[in-house]
Amino acid sequence: MDPGYSSEPYPVETVPLQDRRHEASPGQPGVLTGVQHTVVDVPTEPPTDYLVWSLCNFVYGNICCLGLVALIYSVKARDRKVVGDQDGARRHASTARALNITATVLISLLVFLCIVVPLALIAETARYHYRHYSYN
């Protein structure tokens, strides 16, 4: 057995008291003080107004005036953003985005049809002439 070991419990004066909160300084762990809240105001990113996309749709392919209407909603979204109305800016930007998507899809389909259909007709005509006039 270790000479410093005794089977007796520790003396009372060496056992730390369970409730010593009154001796700790404020802000220390384990101290019950008033709850402090810190509010951090994180600015949200303003919504995109899609103005450039609307201008491109307006200038390069204003199918059914969708580019013009998208441009109007983009300007409204930018105005609402400048004023500080984030909800209004989001609403107008969402409308401008939907109109821009629709205009872009329609323009793409139109360009595709204007290129592919004539090429297909030219290829078919060439094939027809090759079959019928190659045997002469």
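This report describes the helices of a predicted model, their packing and several individual residues.

## Basis of the model

The model is predicted: local features need pLDDT of at least 70, side-chain atom pairs count only at pLDDT 80 or more, and totals for chains, interfaces and linings use all residues. Residues are numbered from 1 along each chain as its sequence is written, and side-chain values use heavy atoms, with hydrogens and water left out.

## Overall architecture

The protein has 3 helices and 0 strands, and its elements run α-α-α from the N terminus on. Helices (H or I, at least four residues) and strands (E, at least two) are DSSP runs, numbered from the N terminus. Helix H1 covers residues 51-60, helix H2 residues 66-83 and helix H3 residues 86-133.

Of the 136 residues, 17% count as buried. Buried means under 20% relative accessible area, exposed over 50%, and partly exposed in between, with a 1.4 Å probe and protein chains only. Among contacts (heavy atoms within 4.5 Å) between residues at least 6 apart in sequence, 61% join residues at least 24 apart.

## Annotated transmembrane regions

An unreviewed UniProt entry places the feature "transmembrane region" at residues 50-73 and 98-123. UniProt positions are given in the numbering used here, feature names are shortened, and annotations may be inferred rather than shown by experiment.

In the model, residues 50-73 are 75% helix and 0% strand, and the end C-alpha atoms of this span lie 9 Å apart. Residues 98-123 are 100% helix and 0% strand, with end C-alpha atoms 37 Å apart.

## Packing of H1 and H2

H1 and H2 pack at an angle of about 160 degrees, with their axes 8 Å apart. H1 is therefore roughly antiparallel to H2. Axes are lines fitted to C-alpha atoms, for helices over the stretch in contact, and angles run from 0 to 180 degrees between N-to-C directions. Angles under 35 degrees count as roughly parallel, over 145 as roughly antiparallel, 65 to 115 as roughly perpendicular and the rest as oblique. The crossing of H1 and H2 is left-handed, a term used if the near helix is turned anticlockwise from the far one by less than a right angle, and right-handed if clockwise.

On the H1 side, the residues involved are Leu51, Ser54, Leu55, Asn57 and Phe58; in H2 they meet Gly67, Leu68, Ala70, Leu71, Ser74, Val75 and Arg78. By class, the contact of H1 with H2 has 7 nonpolar, 4 polar and 1 charged residues. Here Ala, Val, Leu, Ile, Met, Phe, Trp, Tyr, Cys and Pro count as nonpolar, Asp, Glu, Lys and Arg as charged, and the others, Gly among them, as polar.

## Packing of H1 and H3

The axes of H1 and H3 come within 10 Å and cross at roughly 40 degrees. This angle makes H1 oblique to H3. The crossing of H1 and H3 is left-handed.

Trp53, Ser54 and Asn57 of H1 make the contact with Arg97, Asn100, Ile101, Ala103, Thr104 and Ile107 of H3. By class, the contact of H1 with H3 has 4 nonpolar, 4 polar and 1 charged residues.

## Residues in the helices

Ser74 in helix H2 counts as buried because its relative accessibility is 0%. Leaving aside neighbours within four places in sequence, Ser74 is in contact with Asp49, Tyr50, Leu51, Ser54, Ala96 and Asn100. Asn100, in helix H3, also counts as buried, at 0% relative accessibility. With neighbours within four places left aside, Asn100 is in contact with Tyr50, Trp53, Ser54, Asn57, Ala70 and Ser74. Asn100 and Val69 are 31 residues apart in sequence, and their C-alpha atoms are 9.1 Å apart.

Phe58 lies in H1 and counts as partly exposed at 31% relative accessibility. Not counting residues up to four places away in sequence, Phe58 touches Gly67, Leu68 and Leu71. The C-alpha atoms of Phe58 and Leu71, 13 residues apart along the chain, are separated by 7.1 Å.

Tyr50, in the segment before H1, is a residue other than glycine with a positive phi, near 60 degrees. At 24% relative accessibility, Tyr50 counts as partly exposed.

Cys64 is found in the loop between H1 and H2. Its phi is also positive, at about 55 degrees, although Cys64 is not a glycine. Cys64 is exposed, with a relative accessible area of 67%.
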